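Morning, everyone. Please have the structure open while I talk.

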Amino acid sequence: MADRPLAVDVVVNGGAGAETLPYDRRSGTVYLLGPRYALLDPTFAVAPSRTVSERVRRVLVCLGGSRQTDVALTALAAVDRALSGCVVDVTVGPSGTTGWELDGAAREMRNLTVIHRDRFGLRELMLRADLAVSGSGVTLLELAATSTPMVAVALADNQRPNFDALTKADVALGAGNAADPDLGEA
């Protein structure tokens with residue numbers, strides 16, 4: 001967020017909007033800002049093999065590793081209202097939603113919903129997806145690296161620069177935030 005002085009030797013911010021943040025630049029500190037410094041798994045450096053489908057058959061809902069029960073339920077419902085006859089993969093990280101609410105909602109959806117918990121091949125899920133609904137953190141950069149069409153949702157203030165930069169560049173379609181009624185439209 002560049003909202004405080006940092007008494008460090010190196011600042012690494014791989015976010016798409018990092019270059020525009022108002023860092024209090026200290027002499028002697030190296031600033032590595034922007035996507036070329038993103039700390040992505042090396043598997044994302046491999047060029048993706050992707051074909052564009054006329055119809056969305058598989059959707060990835062990927063909202064990070066934190067507890068996002070309400071956001072996940074909202075996104076899942078929006079996808080279910082907007083699309084039919086597809087598979088919806090929902091990823092849940094190690095700190096994520098594990099409660100019955102998500103399992104129960106998945107059973108109520110008209111689309112087949114598969115919940116992936118803890119260890120899963122995120123890159124593989126991205127490559128199988130025709131569309132992704134994602135939080136606006138580093139996952140947006142991973143989706144871009146796999147050429148996955150995406151709808152971005154800003155889940156926290158620190159994601160806003162990434163969200164703004166990638167939606168402005170037309171890399172992602174922005175839905176504002178998860179409570180935004182435009183999520184289903186996007």
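A search of the whole structure turns up three salt bridges. By salt bridge I mean a side-chain nitrogen of Lys or Arg within 4 Å of a carboxyl oxygen of Asp or Glu. A word on the source: this is a predicted model, where local features need pLDDT of at least 70, side-chain atom pairs count only at pLDDT 80 or more, and totals for chains, interfaces and linings use all residues. Residues are numbered from 1 along each chain as its sequence is written, and side-chain values use heavy atoms, with hydrogens and water left out.

Take Arg58 and Asp89. Their closest N and O atoms are 2.6 Å apart. Arg58 sits in strand E3 (58-62) and Asp89 in strand E4 (87-92), so this pair ties together parts 31 residues apart in sequence. Strands (E, at least two residues) and helices (H or I, at least four) are DSSP runs, numbered from the N terminus.

Is Asp89 buried or exposed? It counts as buried, at 1% relative accessibility. Arg58, at 22%, counts as partly exposed. The cut-offs: buried is under 20% relative accessible area, exposed is over 50%, partly exposed is in between, with a 1.4 Å probe and protein chains only.

Next, Asp164 and Arg160. Here the closest N and O atoms are 3.7 Å apart. Both lie in helix H5, four residues apart, so about one helical turn separates them.

Now the strands. E6 (residues 131-135) runs parallel to E7, joined by four bridges. Two strands pair if DSSP finds at least two bridges between them. Gly135 stands opposite Val153 in E7.

Which way do the side chains of E7 (residues 150-153) point? Met150 and Ala152 go one way, Val151 and Val153 the other, and all are buried. In a regular strand, side chains alternate between the two faces of the sheet.

E7 also pairs in the parallel sense with E8 (residues 173-174), over two bridges. Leu173 in E8 is the bridge partner of Val151.
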